Amino acid sequence: MAEGRDGVVLHRRPGAGPAVRTRVGILGRVMAGVIAAVVVSGCAGAADTAVEGSRARAQASESGPSDVRHDRKPIRDRFPEFGEISGTSWVSDVLNDGRSEVPGPSDIRLTGVASVSAAAVAGISERYSWKASQPPSSVPKALLSELPTEGDWRTSADFDAAVTRGDYDGTFYLSAERGVVLFDAVSPVRRSS
């Protein structure tokens, strides 16, 4: 590319015919500079927003979940596969602190334990393939006193898939000898009302 007098620029494509003459004046150069500055500053702003969003999620996680709740209906509505629930202790935690730059619902982590009937334990024990496991180390501190310390904890990828139906992330641990399900899910869907 060569520039002639009066801002005329010769453009030659390899293997093409004669050079094309265009007029690139001062206005064209200024506009190109302004566009480049807008693009660069927009990218920097997006990066700042992403970092700020990550910081907010981390702070929300550090601040911890809500108080321990014991109402059964929200758990029954979200996890009907548990069968009859005789008691539950759970907490919810807003993961993105509700201050996302993108409008939309907040992600809620729902973690807790549910005491289920012997019939429910027998049913889910037989229907799904289970393997020995340990509860996650990320159980909120407020729930640790509610969690049985002794237990034959097991997990089942098949049971996880049956409960979540692919609509959200969730992991479920069963202590068959205690009749307890430990649940840890992000934005579980209400299945019944």
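Buried means under 20% relative accessible area, exposed over 50% and partly exposed in between, with a 1.4 Å probe and protein chains only. I keep that beside me for these notes.

**Setting up.** I am reading a predicted model, where local features need pLDDT of at least 70, side-chain atom pairs count only at pLDDT 80 or more, and totals for chains, interfaces and linings use all residues. Residues are numbered from 1 along each chain as its sequence is written, and side-chain values use heavy atoms, leaving out hydrogens and water.

**Aromatic rings.** I searched the whole structure and found nine aromatic pairs. Rings of Phe, Tyr and Trp (its six-membered ring) pair if their centres lie within 6.5 Å; planes under 30 degrees apart are stacked, over 60 edge-to-face, the rest tilted. Phe79 and Phe172 pair edge-to-face, at 5.4 Å centre to centre and 75 degrees between the planes. Phe79 sits in the loop between α2 (73–78) and β4 (85–94) and Phe172 in strand β8 (residues 169–175), so their pair ties together parts 93 residues apart in sequence. Helices (H or I, at least four residues) and strands (E, at least two) are DSSP runs, numbered from the N terminus.

Are these two rings buried or exposed? Phe79 is buried at 0% relative accessible area, and Phe172 is buried at 0% as well.

Next I looked at Phe159 and Phe172, an edge-to-face pair with 6.0 Å centre to centre and 85 degrees between the planes. Phe159 is buried, at 1%. I also noted one aromatic cluster, with Phe79, Phe159 and Phe172 among its members.

**Pro136.** I found Pro136 in the loop between β6 (131–132) and α4 (141–144). Beyond its neighbours within four places in sequence, Pro136 contacts (heavy atoms within 4.5 Å) Tyr173, Leu182 and Asp184.
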